[in-house]
Amino acid sequence: MNSNSDEVSLLVVEDDDIDFMTIQRSFAKMKIANPLIRAIDGVEALNILMSGEVSKPFIVLLDLNMPRMGGHELLNSIRSTEGIADTVIFILTSSADEKDILKSYQYNVAGYFVKEEAGQGFLEILSLLNGYWRIACLPKK
Amino acid sequence: MTYQVLVIIDSKASKSSNLEDPLLFSETPHQITSLSYEEFDHTSVSDDEFDCVIFITHLHSSLPTSLRYSLIDKFHPTPVIVVLDQYDEELERKVINEGARNCFFLDCFDQAHFDYAMQDAIRLAKLQYHSLSRVSKSNQLFRQLKDENAFYDLIEKTMPAYIFVKDENFVILRANDRFINLYPEELRNQVVGYTTLEHYSLEDREPFLIKDREAFDYGFSETLEKITFPDGKVRTMHTTKTRFDSLNGRPHILGLSIDVTEREVLIERLQKSNKDLEQFAYTASHDLKSPLNAIKKLVNWIEEDYGELFPAEVTTQFGLIKSRAERMSQLLSDLLEYSRLHKRIGEGDYEKFKFNEFVKPIHALNENSESFSLDVSDIEVLLPKTALNIVLLNLLNNTIKHHHESVGVISIKVDENKSGYIIDYQDDGPGIDDMYAQKIFEMFQTLQPRDKVEGSGMGLAIVQKIIDYYGGNIQLMDSSKGVHFRIVWPSKNVLSND
């Protein structure tokens with residue numbers, strides 16, 4: 001068991017307020033106390049990552065379709081930038097397009113989730129993430 | 001066969017010499033028309049009426065010799081035999097020289113010899129006539145040929161096609177004006193007898209030769225090519241090349257090129273606008289969904305957090321908001337599916353499978369399907385599975401959803417014919433009035449208020465779109481009970497038209 005599970009932060013890159021609220025509500029519902037940080041698009045997310053604002057260990061939950069800088073673009077920047085290239089990233093998007101899935105895994109994402117219309121599916125995703133950071137060893141430096 | 005013989009008697013001669021009819025004892029079957037010279041002079045006798053003319057005259061006839069001879073000329077090519085009363089060697093020679101077939105003398109007359117000479121003359125004349133008619137026949141054929149050539153020249157000129165003939169070395173042997181006019185004026189006398197390849201770009205040249213060779217090797221080639229012509233115009237051409245053997249036994253190819261630029265441009269535009277439309281429907285239905293989902297979520301949260309505080313009326317209205325949101329979501333989902341149908345069925349490959357075994361699991365997907373019995377043809381079919389799956393799922397779903405009883409019977413009969421399959425789908429539900437036979441296939445059409453029976457009204461539109469895609473059709477048939485759809489689904493070979 002990872003003794004630092006409580007310290008793992010979640011950086012959510014999501015342009016939609018309600019989608020972010022969904023995550024917040026689900027956190028509350030499942031009584032997950034881990035820090036939750038939000039970036040509204042790829043540009044903001046990159047700034048946060050570069051500045052080291054979020055302390056390791058953390059994981060990123062990334063939306064694909066966003067204004068300014070979308071998910072694929074951000075993935076590309078992260079993987080080619082020294083220091084943050086090892087970031088653990090999960091995709092959470094409404095796109096079930098085969099091409100989007102393939103492209104994401106080429107950037108070594110840890111998982112790809114399609115946003116469900118109903119709330120129940122999202123709780124499952126969160127409990128998976130909750131289990132993930134409790135069990136998996138994450139880069140700390 | 002009876003010969004028609006015209007006997008002309010120099011009357012003065014006959015009176016003074018009492019000439020006897022030389023045919024009186026002839027054994028050759030014949031029919032005589034007898035005229036005196038004077039009578040003959042005043043009647044018109046057509047030259048093909050008689051097989052032979054016998055001219056009986058007197059050695060010392062008062063008729064001028066020249067007149068006698070003109071008579072021989074007059075009947076040409078009908079043979080004329082002159083009969084004189086007395087033998088006269090000089091006169092005989094003259095008569096023969098002037099063209100009489102023979103000359104006889106009554107003072108030394110031999111009936112058998114005369115008969116033979118007459119038959120011989122007739123036979124000879126007929127032979128001459130036939131050979132003459134053969135010549136005129138070949139003249140006629142020649143005229144016909146000229147006519148036909150003129151006709152083909154006209155076709156070559158007026159046909160909206162570029163026509164050319166090439167030999168094995170790709171040299172142009174013949175071309176119509178339209179083809180030659182593709183070249184600038186100063187080059188037009190260097191088309192026939194040349195390959196003209198140097199007037200085309202390298203990228204154009206190679207495909208020409210490949211298709212030429214293909215035609216020489218296999219007898220035929222066909223291509224759609226974009227060509228930059230020597231006059232600078234860029235056109236899309238549909239070209240066929242057909243091999244044929246020339247008169248000297250060498251293989252040539254006949255090229256026929258039709259300008260399809262406008263057609264291809266239209267097709268391209270149509271394809272693009274179709275694609276745009278599909279993209280629009282996709283984007284619209286997809287993008288409309290996300291704010292709708294947000295609304296649905298917020299409504300849920302409010303209910304979760306404050307539902308207990310609602311007055312009864314608000315609870316009801318909240319239920320209505322949720323059901324309408326759900327309906328809109330369904331409409332968008334179906335619209336999305338409709339716009340992505342072509343993508344989903346993809347190439348829509350035809351497969352061989354047992355029809356009844358295929359239908360059962362599809363039926364089982366619908367709620368309450370166990371209360372509806374299925375009667376399906378036990379037949380092996382060759383049809384695209386994915387597409388047929390969507391069609392049947394929608395039809396079966398409609399039957400169960402709209403049925404007025406809780407149980408029912410569905411029959412799906414498949415008949416195979418030369419051009420494909422006829423699928424008769426019949427249920428025992430409430431049926432559909434004739435007047436809606438067209439409307440039911442339109443998008444978003446429902447026959448019952450959505451508050452009574454939930455539905456997007458896209459089901460049959462989707463069904464029709466799929467069947468259209470495969471070149472078939474579906475129609476509502478007259479039925480005493482329930483609904484009867486007839487689907488005509490062409491087999492693959494009918495569709496691909498080769």
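Trainee: How do the residues of the lining of the largest cavity divide into nonpolar, polar and charged?

Mentor: Keeping in mind that this is a predicted model, the lining of the largest cavity divides into 12 nonpolar residues, four polar ones and three charged ones.

Trainee: And what volume does the largest cavity have?

Mentor: The volume of the largest cavity is about 200 Å³, and of the 19 residues that line it, B:Phe164, B:Lys166, B:Phe179, B:Tyr200 and B:Phe208 are the closest to its centre.

Trainee: Which strands supply at least two residues of that lining?

Mentor: In chain B, β6 (162-166), β8 (220-228) and β9 (234-245) each supply at least two residues of the lining.

Trainee: How many cavities of 30 Å³ or more does a search of the whole structure find?

Mentor: The search finds four cavities of 30 Å³ or more.

Trainee: OK, now pockets. How much space lies in the largest pocket?

Mentor: The largest pocket holds about 1000 Å³ of space, and its lining is made up of 43 residues, with B:Asn397, B:Asn398, B:Lys401, B:His402 and B:Gly459 nearest its centre. Two or more lining residues come from each of α9 (312-339), α12 (385-402), β15 (420-427) and α13 (459-469) of chain B, and the largest share, 10 residues, comes from α12(B).

Trainee: Switching topic, how many residues of chain A and chain B are in contact?

Mentor: Eight residues of chain A are in contact with 11 residues of chain B, and the area buried between the two chains is about 960 Å², with 48% of that given by carbon and sulfur atoms.

Trainee: How many salt bridges are there between chain A and chain B?

Mentor: There are four salt bridges between chain A and chain B, and one of the salt bridges in the model joins A:Lys29 to B:Glu304, with their closest N and O atoms 3.2 Å apart.

Trainee: And over all chains, how many salt bridges are found?

Mentor: Over all chains the search finds 27 salt bridges, including one between the side chains of B:Lys126 and B:Asp51, at 3.7 Å from N to O. B:Lys126 lies in helix α5 (residues 111-158) of chain B, while B:Asp51 lies in the loop between α2 (37-42) and β3 (52-57) of chain B, so this pair ties together parts that are 75 residues apart in sequence.

Technical notes
Residues are numbered from 1 along each chain as its sequence is written. Chains are lettered from A and ligands numbered from 1 in the order in which they are written. This is a predicted model: local features need pLDDT of at least 70, side-chain atom pairs count only at pLDDT 80 or more; totals for chains, interfaces and linings use all residues. Side-chain values use heavy atoms; hydrogens and water are left out. On a 1 Å grid over the protein atoms alone, a cavity is a set of points where a 1.4 Å probe fits but cannot get out, and a pocket is an open set with protein on both sides within 12 Å along at least five of seven lines; lining residues have an atom within 4 Å of a point. Grid points are joined across faces, edges and corners, and a volume is the space filled by probe spheres set on the points. Helices (H or I, at least four residues) and strands (E, at least two) are DSSP runs, numbered from the N terminus. Contact means heavy atoms within 4.5 Å. Buried area is the accessible area (1.4 Å probe) that two parts lose on being put together, summed over both. Ala, Val, Leu, Ile, Met, Phe, Trp, Tyr, Cys and Pro count as nonpolar, Asp, Glu, Lys and Arg as charged, and the others, Gly among them, as polar.
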